[in-house]
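Subject: Model handover

Hello,

Here is the model I promised to send over. Please open it alongside this message.

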Amino acid sequence: MTIVEFFLWSLLKVVVVTVVLLMAVAYTVLLERKLVGRIQNRWGPSRVGPFGLLQPLVDGLKNLLKEDVTPTGVYKPLYLLAPILSFACATISIAVVPFGEPNVGPKGLPLFQISNVNIGLLVILGITSIGVYGIALSGWSSNSKYSLLGSLRASAQLISYELALGLSLVGVVILDHSFNLREIVEQQATKGILTWNIFGGFQFVAFFIYLMAAYAETNRAPFDLPECESELTGGYHTEYSAMKFAMFFMAEYANMITVGCVATLMFLGGWTSPFGDFIPPPENIVAHAVFPILWFALKVFCFLFLYVWVRGTLPRFRYDQLMNFGWRYLMPLAILNIVATSLWQAYHPVS
Amino acid sequence: MYLTLFIVFAGLCLAGAVNLLLQRHPINSALSLIVVMTSLAVLYLLLGAEFLAAAQVIVYAGAIMVLFTFVVMLLNAGREERTLGSRAAKAVGFPAVVVMLALIATVIVKATGLHAATLSDGITSTVDLSRVLFRELLLPFEVTSVLVLVAILGAVALARSTEGERTGGK
């Protein structure tokens, strides 16, 4: 494979993955509106297209055509940088996510992963930690008290829960001896659902810590204090309008999808089927390539469904409860999980 | 390829460092520092130290600098005032810079057998790194953790004493 071929294939992969991700973001918004509608005993969007399926396109068009207001008194360079940073960080991390069978592709180049990095997990965590700046800077540069309060809350919350999030993943890394997302998935593949890290590796405590920390990381209900409408009107993006607001909005949903991908890879066996070796893999090359992607998409979809379900069900935490919960319950629990996993690994070496 | 990347990111690193000094607003300086740290992470990556690069981004650029910007935002620090600088700093500073540069230049000229920079003994993977950290360097590692603990306790003590005064006053 020459460098030009490599470049062209990579470009193709980037374009396709980005388009798919953006479509997924748009339809996650629709999924949320429909589901929350059903939970609250109403229809949700139902007018545009069959079952309201074209609603995301119309929403996108509306955001493009709206007047773009820049309030006076904002610090312009950072005011403009913040949404770009948020959106970029939310979309970049998909680059290391493997979402299909690794051995499929032209001339040994994996088709279903943009780049196979041997520290994939750390790359995702690093990019997430840079994403905090988008929120912090947007609140500060807007020169508005609601924005500032929202972004202060958000930064404090993200720093606190990032710790629990990172620590909850350490158990899986100890079990699988790798930071490479592909290797982590392959370790879980053999017996299907029984060897997924959530069951086979006894990491369900880690999974629930991850779940809660992830909800807080993406500023979602019940931890959506940075943008809680009743107190802060809109939080850090109060002063943003039109496409700039849409970028924050899309960043939030892209983050949800990334978090869902990471949960799928780390705990739910990634692209492998829940039946493992009990059902032999399909002989057909097309089925061999397509089924793993379907399993992956299904798992991420279930995760997103859970997200919306939780949002429609649980009331919002109070701020001191949020901090107490993060520092005094989640973090010690995550550390205990690491200790327990290490002891298990030390006295029952599996491999 | 590697050389191009090195030049680009080393340039970015230096530009960020200079910008850090020239900017008047503290938040711009903090952001320049983030640029410096992230480009350093890329330089580590070019040396083949992936774990170190990721740690640099997560710990320095992601956690410590967030706290910096957090504090700048909380204090709502305004623009710095620019002074003309003290006479002593000018009298001592410029010769000191010249001496430093001369020193570095002589070392570079005199030194023979300079090779491309690699990390010592090729310790780059997480496994090697943790083996060194938890076996050969166990004592310094533990002592450092005690040092950090002492610092945390000190911070807690400082924060508590003011609170005690406040509640005592009531």
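Below is what I found, starting with confidence and then going chain by chain.

**Confidence**

This is a predicted model. The scores are ipTM 0.77 and pTM 0.82. Chain A has a mean pLDDT of 83, with 97% of its residues at 70 or more. Within chain A, helix α7 (residues 204–217) has the highest confidence, at 88. Helix α8 (residues 229–232) of chain A has the lowest, at a mean of 70. Chain B averages a pLDDT of 80. There, 81% of the residues score at least 70.

**The core and chain A**

The largest nonpolar core holds 106 residues. Five of them touch the most other members: Tyr210(A), Ala213(A), Met250(A), Ile257(A) and Ala263(A). Helix α9 (residues 242–267) of chain A gives this core its largest share, 17 residues. Take Ile257(A) as an example. Leaving out residues up to four places away in sequence, Ile257(A) touches Leu21(A), Ala24(A), Val25(A), Thr28(A) and Val300(A).

Helix α5 (residues 145–176) of chain A has 32 residues. At 1.5 Å a residue they should span 46 Å. The end C-alpha atoms are 46 Å apart, so the two values agree. His177(A) follows α5(A) and has a positive phi, near 55 degrees.

**Chain B**

Chain B has 170 residues, and 15% of them count as buried. Its secondary structure is six helices and zero strands. Of the contacts in chain B between residues at least 6 apart in sequence, 56% join residues at least 24 apart.

Helix α2 (residues 26–46) of chain B deserves a look. It has 21 residues and reaches 31 Å from its first C-alpha to its last. That is close to the 30 Å expected at 1.5 Å a residue. Its buried residues include Ile27(B), Leu31(B), Ile34(B), Leu40(B) and Tyr44(B). Thr38(B) and Ser39(B) are also among the buried residues of α2(B). What covers the buried residues of α2(B)? Part of the cover comes from chain B itself, including α1 (2–22) and α3. The cover also includes α4 (120–141) of chain A. Just after α2(B), Gly48(B) takes a positive phi of about 90 degrees.

Now Lys90(B), which sits in helix α4 (residues 87–110) of chain B. Is Lys90(B) buried or exposed? Lys90(B) has 11 other C-beta atoms within 10 Å. The cut-off for exposed is 12 or fewer, so Lys90(B) is exposed. Lys90(B) and Ala159(B) are 69 residues apart along the chain, and their C-alpha atoms are separated by 39 Å.

**Where the chains meet**

How many residues does each chain bring to the contact? Chain A brings 16 residues and chain B brings 15 residues. On the chain B side, helix α3 (residues 50–75) gives the largest share, with 13 residues. The residues on that side divide into 11 nonpolar, three polar and one charged.

**Where to start**

I would open the view on α3(B), given its largest share of the chain B side of the contact. Then turn to α9(A), for its largest share of the core.

Best wishes

Conventions:
Residues are numbered from 1 along each chain as its sequence is written. Chains are lettered from A and ligands numbered from 1 in the order in which they are written. This is a predicted model: local features need pLDDT of at least 70, side-chain atom pairs count only at pLDDT 80 or more; totals for chains, interfaces and linings use all residues. Two residues are in contact if their C-beta atoms, placed from the backbone, lie within 7 Å. Helices (H or I, at least four residues) and strands (E, at least two) are DSSP runs, numbered from the N terminus. Ala, Val, Leu, Ile, Met, Phe, Trp, Tyr, Cys and Pro count as nonpolar, Asp, Glu, Lys and Arg as charged, and the others, Gly among them, as polar. A nonpolar core is a set of buried Ala, Val, Leu, Ile, Met, Phe, Trp, Tyr and Cys residues joined through C-beta atoms within 7 Å. A residue is buried if 20 or more other C-beta atoms lie within 10 Å of its own, exposed if 12 or fewer, and partly exposed in between; C-beta atoms are placed from the backbone. The expected span of a helix is 1.5 Å times one less than its number of residues. pLDDT is the predictor's confidence in each residue, from 0 to 100.
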